[in-house]
Amino acid sequence: MRTCVGCRRRDDRSVLWRVVAHRSEVSGPVLIRLDRQQRQPGRGAWLHPTMDCLNQAIRRRAFARGLRVAAEVDLGELTAAVRTAQVEYELQGVAAKGAADDRRKRVQR
Ligand SMILES: [Zn+2]
């Protein structure tokens, strides 16, 4: 079980995303990236891949705190990935609901 840095709810790591800070030698914002394999070394933070949890984490500056980043964090790449995942998830939900409706119709006939 891991705690989402957005909503602070605990959940299984299979439904959470692990994110890590991508440190570089140049100064400037630290890029926060998705660790898809969930095994990159170093400190990680866990997040539900939803815009709600992402926005809560941003408001709370949870990434900088959780990943021990003193500099600004660049969340552009992560935000785009979460947005894409959420759209895909919603499309799947619509498709699943459509299939369930079809089954109900068949039962009624
Ligand atoms: Zn969450």
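Modeller: Residues are numbered from 1 along each chain as its sequence is written. Because the model is predicted, local features need pLDDT of at least 70 and side-chain atom pairs count only at pLDDT 80 or more, while totals for chains, interfaces and linings use all residues.

Biologist: What is the mean pLDDT of the chain?

Modeller: The mean is 91, and 98% of the residues reach 70 or more; pLDDT is the predictor's confidence in each residue, from 0 to 100. Confidence is lowest in helix α3 (residues 76-108), at a mean of 86, and highest in strand β2 (residues 10-11), at 97. Helices (H or I, at least four residues) and strands (E, at least two) are DSSP runs, numbered from the N terminus.

Biologist: Why is R68 called exposed?

Modeller: A residue is buried if 20 or more other C-beta atoms lie within 10 Å of its own, exposed if 12 or fewer, and partly exposed in between, with C-beta atoms placed from the backbone. R68 has 10 C-beta neighbours inside 10 Å, so R68 counts as exposed. R68 sits in the loop between α2 and β6, and its phi is near 55°, a positive value in a residue other than glycine.

Biologist: How do you know that the buried residues of α1 are on the same side?

Modeller: In helix α1 (residues 51-59) the buried residues are C53, L54 and A57. They cover an arc of only 100° around the axis, which puts them on the same side of α1; the arc is that of the directions from the helix axis to the C-beta atoms. The face turned away from the buried side carries the exposed residues D52 and R59. Just after α1, R61 takes a positive phi of about 55°.

Biologist: What makes β3 and β5 a pair?

Modeller: Two strands pair if DSSP finds at least two bridges between them. Four bridges join β3 (residues 17-22) to β5, so the two strands pair, and they run antiparallel. W17 has L47 as its bridge partner in β5, and V19 stands opposite A45. Four bridges also join β3 to β4 (residues 30-34), again antiparallel, with H22 opposite L31.

Biologist: Why are β5 and β6 called edge strands?

Modeller: The open sheet of four strands has the order β5-β3-β4-β6, with mixed pairing. Because β5 (44-47) and β6 (73-74) each pair on one side only, they are the edge strands.

Biologist: What makes a set of residues a nonpolar core?

Modeller: The set must consist of buried Ala, Val, Leu, Ile, Met, Phe, Trp, Tyr and Cys residues joined through C-beta atoms within 7 Å. The largest core has 17 residues, of which V5, A45, L47 and A57 touch the most other members. The elements giving two or more residues to this core are β3, β5, α1, α2 (62-66) and α3.
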